[in-house]
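Visitor: I have a structure to look at and some questions to ask. Could you guide me through it, one step at a time?

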Amino acid sequence: SSFVPHCVAPAAPSQLAFSTGAAMVRFARFELSSGGPAVYGLLQADGSFNVAEGCPYAGALKDTGRKASVGRFLPPVEPKDILCIGLNYRAHADELKLPYPKNPVVFVKPTTCAAGHGDEIAKPRISEKMDYEVELAIVIGRECKDVTPEQALDYVLGYTCANDLSTRDWQKVPELSGSQWCRSKMFDRFAPLGPVLTTKDEIPDPGALRVQTFVNGQQMQDSSTKDLIFSVPQIISFLSIGSRLQPGTVILTGTPFGVAEGRSPQPWLKPGDKVAVEVERIGRLENTIVEDTSTAKSFFVPAKL
């Protein structure tokens, strides 16, 4: 059966567009400072939010006119799946001295990685090489399978900012990773999303957006989705081969050059760091890195570096 988060059946492709009278349709999902269940909110010109009613997957959110007092931001949608593309910017592959892939490199993050704007994120106690990765994230609006690149954008709800946090030791050291990336990238809150989703009708060309990262105010990444090896339509089409992409599926599209791993010296993230990622026409997603305070003696075998 199809997965439809929190609301009614998804819209037909021609209906996956928003009309609220706003110049730019951006919505968030958050807990109100007064408590209660999570709500959607429509971003206003002055930066505030109005509480919204309805379902984004049905193609409409109604502005109630009621001002929202945001208690805590959540990801703009509750992710059904988090699918990720690695090594998808030409200059990033160049900085790591790696050849361009012939097909998209795919890995998956569990939904426990999802986090919101403003959330604190623990640096895992078993890693010394935590890294940032600004990414454009696609949000699927209705189920698709076996679609062509020409059809792919018909299934998109919109786009949001993502930070594909990673631990390079657990990604790159064979004794730790077994040559798989998932353990490196699956720590809690390692996929913050938000603060808003911009609907696809407001971003006709997702292949021409500036993407940036700042750590403690210093710019670390500055590129454009023009540098993508595989385009947004190609990524969706590729992932849909024999595979259902359900509403609420979030697809991270890769990161550009400028990661800590590619720098000398390597400025790994540490507790106290404030990390912000920006995607043009969407917004700025900020999180703070904190210490992992657990003292549990969990099983793992350290690498002999």
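Visitor: Where does Ala52 lie?
Guide: Strands (E, at least two residues) and helices (H or I, at least four) are DSSP runs, numbered from the N terminus. This is a predicted model, where local features need pLDDT of at least 70, side-chain atom pairs count only at pLDDT 80 or more, and totals for chains, interfaces and linings use all residues. Residues are numbered from 1 along each chain as its sequence is written, and side-chain values use heavy atoms, with hydrogens and water left out. Ala52 lies in strand E3.

Visitor: Is Ala52 buried or exposed?
Guide: Buried means under 20% relative accessible area, exposed over 50%, and partly exposed in between (1.4 Å probe, protein chains only). Ala52 has 9% relative accessibility, so Ala52 counts as buried.

Visitor: Which residues does Ala52 touch, not counting residues up to four places away in sequence?
Guide: Contact means heavy atoms within 4.5 Å. With that cut-off, Ala52 touches Tyr40, Gly41, Leu42, Leu61, Lys62 and Thr64.

Visitor: How many Å separate the C-alpha atoms of Ala52 and Phe238?
Guide: Along the chain, these two are 186 residues apart. Their C-alpha atoms are separated by 34 Å.

Visitor: Tyr40 came up as a contact of Ala52. Which residue forms an aromatic pair with Tyr40?
Guide: Rings of Phe, Tyr and Trp (its six-membered ring) pair if their centres lie within 6.5 Å; planes under 30 degrees apart count as stacked, over 60 as edge-to-face and the rest as tilted. The structure holds seven aromatic pairs. In this one the centres are 5.7 Å apart and the planes stand at 85°, which is edge-to-face. The partner of Tyr40 is Phe27.

Visitor: How many residues apart in sequence are the parts that this pair ties together?
Guide: Both Phe27 and Tyr40 are buried. Phe27 lies in strand E1 and Tyr40 in strand E2 (residues 39–43), so the parts tied together are 13 residues apart in sequence.

Visitor: Which residues do ring pairs link into a cluster?
Guide: Phe30 and Phe49 form an edge-to-face pair, 5.5 Å centre to centre with 65° between the planes. Phe30 sits in strand E1 and Phe49 in strand E3, 19 residues apart. Both are buried. The cluster linked by ring pairs is Phe30, Phe49 and Phe73.

Visitor: Which residues of the largest nonpolar core touch the most other members?
Guide: A nonpolar core is a set of buried Ala, Val, Leu, Ile, Met, Phe, Trp, Tyr and Cys residues joined through side-chain atoms within 4.5 Å. This core has 38 residues.

Visitor: Why is H6 largely enclosed by the rest of the structure?
Guide: What covers its buried residues includes E6, strand E7 (105–109), E11, helix H2 (149–152), E12 and strand E17 (250–252). The buried ones are Val232, Pro233, Ile235, Ile236, Ser237 and Leu239. H6 is largely enclosed because the buried residues number six of the eight.

Visitor: Is Ser240 buried or exposed?
Guide: Ser240 lies in the loop between H6 and E17. Leaving aside neighbours within four places in sequence, Ser240 is in contact with Lys145, Asp146, Val147 and Leu245. Its relative accessibility is 0%, so Ser240 counts as buried.

Visitor: Which residues is Pro110 in contact with, leaving aside neighbours within four places in sequence?
Guide: Pro110 is found in the loop between E7 and strand E8 (114–115). Pro110 is partly exposed, with a relative accessible area of 28%. Its C-alpha atom and that of Met186 are separated by 6.3 Å, though they are 76 residues apart along the chain. The contacts are Ile82 and Met186.
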